[in-house]
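I opened my notebook to keep track of what I looked up here. Each entry covers one topic.

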Amino acid sequence: MKNLVVSSGAGISAESGIKTFRDADGLWENYPVMDVASHDGFLRDPALIHKFYNMLRGKLVNAQPNDAHYGLVQLEKYFNVNVITQNVDDLHERAGSKNVLHLHGELMKVRSLRHEEREYKLPCDQLTDKGLETSIDTRDPYGDPVRPHIVFFQEAVPNMEQACVLAQQADVFVVIGTSLVVYPAASLLHYAPRNAEVYYIDPRPSAVPSYVHVIDKPATEGVKELIEILTK
Ligand code: APR
């Protein structure tokens with residue numbers, strides 16, 4: 001089977017009712033990103049950051065995968081599919097995608113502040129807070145405080161090397177719902193081999209090289225069109 005590699009951003013979850021970051025009324029229009037999603041912000045006011053991700057987690061549990069997420073699962077019948085996502089939601093997993101690599105972390109997880117390999121999927125009865133919310137007072141079984149398992153701005157992207165290896169093995173590379181303004185994630189497109197077929201699904205696409213096949217539609221329609229193209 002040929003390798004199909006997806007690089008998804010917030011736009012693929014927009015039709016599930018999850019706000020993107022930079023569209024009108026986007027997340028960063030309503031919250032100062034350096035206060036709620038940066039390393040310095042966490043050092044300055046960790047309680048605010050716990051509250052911000054508790055709010056996002058509360059919205060996520062009420063959201064469902066959409067036909068774009070399900071369409072990528074359908075393509076697993078025809079391709080070896082790897083999804084690389086900038087999203088911290090778990091909608092790709094909940095739709096049934098088998099191979100999902102998160103570049104910017106996972107909203108449904110927190111991790112020890114002292115031992116970052118100790119991750120806890122919420123709700124987790126090993127933590128002093130048993131539900132979906134955490135705070136600066138939450139402790140793990142070792143008595144350590146926890147933090148959202150999110151890659152904040154000013155922090156390294158640990159899964160980027162693995163993502164580049166996947167992109168370099170792509171026969172088909174598909175970018176879905178990202179403004180391509182945040183690096184290093186935005187550079188993944190350029191790791192696809194020159195003989196790979198490259199597609200970009202976005203209703204308001206950013207500038208991309210001329211060899212990219214742009215489908216300027218919302219993800220649910222764009223993925224449907226992509227399936228028709230790839231399986232005809
Ligand atoms: N279908 C497909 N794409 C859509 C849809 C839709 N229904 N609605 C909006 N989009 C597109 C927008 O046109 C835009 O190109 O989704 C993209 C959203 O861009 P951003 O809000 O910048 O989100 P993203 O590119 O994922 O942001 C990258 O920035 O803040 C950080 O860590 C955060 O992972 C995030 C990163």
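**Entry 1: strands.** I started with Val83, whose bridge partner in β3 is Val100. I note that this is a predicted model, where local features need pLDDT of at least 70 and side-chain atom pairs count only at pLDDT 80 or more, while totals for chains, interfaces and linings use all residues. Residues are numbered from 1 along each chain as its sequence is written, and side-chain values use heavy atoms, with hydrogens and water left out.

How do β2 and strand β3 (residues 100-102) pair? They pair in the parallel sense, over 3 bridges. I jotted down the rules too: strands (E, at least two residues) and helices (H or I, at least four) are DSSP runs numbered from the N terminus, and two strands pair if DSSP finds at least two bridges between them.

Next I checked strand β1 (residues 3-8), which runs parallel to β2 and is joined to it by 6 bridges. Across from Asn82 in β2 stands Val5. I also looked at how covered β2 (residues 80-85) is: 5 of its 6 residues are buried, so the strand is largely enclosed by the rest of the structure. Buried means under 20% relative accessible area, exposed means over 50%, and partly exposed is in between (1.4 Å probe, protein chains only). One thing to remember from class: in a regular strand the side chains alternate between the two faces of the sheet.

**Entry 2: the ligand.** How many residues surround the ligand? I got 22, and the closest are Arg22, Trp28, Thr178, Ser179 and Asp202. A residue is near a molecule if one of its heavy atoms lies within 4 Å of it. By class, I have 9 nonpolar, 8 polar and 5 charged residues in the shell. Here Ala, Val, Leu, Ile, Met, Phe, Trp, Tyr, Cys and Pro count as nonpolar, Asp, Glu, Lys and Arg as charged, and the others, Gly among them, as polar.

Then I looked at atom pairs. Ala10 has a backbone N or O atom 2.8 Å from an oxygen atom of the ligand. For Gln86, a polar backbone atom is 3.2 Å from a ligand oxygen. His104 uses its side chain, with a polar atom 2.8 Å from an oxygen atom of the ligand. On its own the ligand has 730 Å² of accessible area, and the protein covers 93% of that (Shrake-Rupley method, 1.4 Å probe).

**Entry 3: salt bridges.** My search of the whole structure turned up 12 salt bridges, each being a side-chain nitrogen of Lys or Arg within 4 Å of a carboxyl oxygen of Asp or Glu.

I looked at Asp23 and Arg204, whose side chains meet at 3.2 Å, N to O. Asp23 is in the loop between α1 (11-14) and α2 (27-30) and Arg204 in the loop between β8 (197-201) and β9 (213-215), so the pair ties together parts 181 residues apart in sequence. Asp23 is partly exposed at 29%, while Arg204 is exposed at 55%.

Arg44 and Asp35 form another salt bridge, with their closest N and O atoms 3.0 Å apart. Arg44 is exposed at 54%, and Asp35 is partly exposed at 30%.

How values were computed
A polar contact is a pair of N or O atoms within 3.5 Å; within protein, one must be able to donate a hydrogen and the other to accept it, and residues adjacent in sequence count only if both atoms are side-chain atoms.
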